Structures are given as C-alpha cells and as structure tokens.
Amino acid sequence: AGRNVLNNYINKDVDLAEHFLDLHISTNEYNSNSKHFMLCLDVSPMIAQKTSKLNDVDESSVVSCLESLTEDNLSMLSHPVVNTFIMMKYNSYTAFLSAILLLKMLYAISVS
C-alpha cells in the first residue's frame, strides 16, 4: 500500500491537510464572472506513492485515511479536491460495471 503527504497530514492535523489541499486549487487568472474562467483542481495529493519495490500502489489507502475523521472534521470529505478524486474514481468504474450488468442480462435472456 502506498502513502503520500496528504495521508501524513491527515494523521497529524486535519486543518493542515485542508490547507495543503487548498494550495492545489488554482484558476486561469480570469475574473470569476468571465466566460473564460477556469478552475483547476490538482488531484495529485490523492495519488499514493510506492513504498516498496513492488508495483502495487493502492490509491484507496489515501481515501481510507479519511474514514477515521470525526464528525467535526468531515468537511475534509467535501473538499473540492477530495470530492473530485472520488468522483473520478467512481466514473472510471461505471463502464466496467455497466458491461458486467449487460453481460448478466444477456446471459439471463439466453437461458430463459
């Protein structure tokens, strides 16, 4: 399993972790009312680094460290960088899960 800086910050001080994540939000310097305004969320703090010579990097270790947060610190889960990372992971599995569902439906139709 991999670890990263965010995981260490969360274990030490949640406010420090939130500040660290805030530093990974940027804009393209346009006014927020402009149609060219863009918000950039850098999710690299959520990516785990290898801790051994093996190629197993478990990004879920970073998300799992969020499980230990108390009710007072749950705002960390709604941070835009964390939220974006979780949604990206969820969306990456939807095609796979949809394909499995389709195959099961086709199998059920062929059996009946």
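Which residues make the nonpolar surface patch of about 420 Å²? Some notes on this and a few other spots, bearing in mind that the model is predicted.

1. The patch is made by Tyr 93, Phe 96, Leu 97 and Ile 100. Ile 100 belongs to helix α4. With a relative accessibility of 33%, Ile 100 counts as partly exposed, since that class runs between 20% and 50%.

2. Helix α2, spanning residues 14-22, is worth a look next. Its buried residues are Val 14, Ala 17, Phe 20 and Leu 21. Viewed down the axis of α2, these fall within an arc of 115 degrees, so they line one face of the helix.

3. His 79 sits in the loop between α3 (60-64) and α4. Is His 79 buried or exposed? Its relative accessibility is 5%, so His 79 counts as buried; the cut-off for that is under 20%.

4. The His 79 side chain makes a polar contact of 2.6 Å with the side chain of Asp 22. Setting aside neighbours within four places in sequence, His 79 is in contact with Glu 18, Leu 21, Asp 22 and Ile 25. Of these, Leu 21 is one of the buried residues of α2.

Conventions
Residues numbered from 1 in each chain as written. Predicted model: local features only at pLDDT ≥ 70, side-chain atom pairs only at ≥ 80, totals over all residues. Heavy atoms only, no water. Buried < 20%, exposed > 50% of the residue type's maximum accessible area, 1.4 Å probe, protein only. Helix = DSSP H or I, 4+ residues; strand = E, 2+ residues; numbered from the N terminus. Arc of directions from axis to C-beta. Polar contact = N/O pair within 3.5 Å; in protein donor to acceptor, adjacent residues only side chain to side chain. Contact = heavy atoms within 4.5 Å. Patch = residues over 30% accessible without salt bridge, like charges linked within 9 Å, V, L, I, M, F, W, Y side chains within 5 Å. Areas by Shrake-Rupley, 256 points an atom, 1.4 Å probe, with all protein chains shown as cover. Salt bridge = Lys/Arg side-chain N within 4 Å of Asp/Glu carboxyl O.
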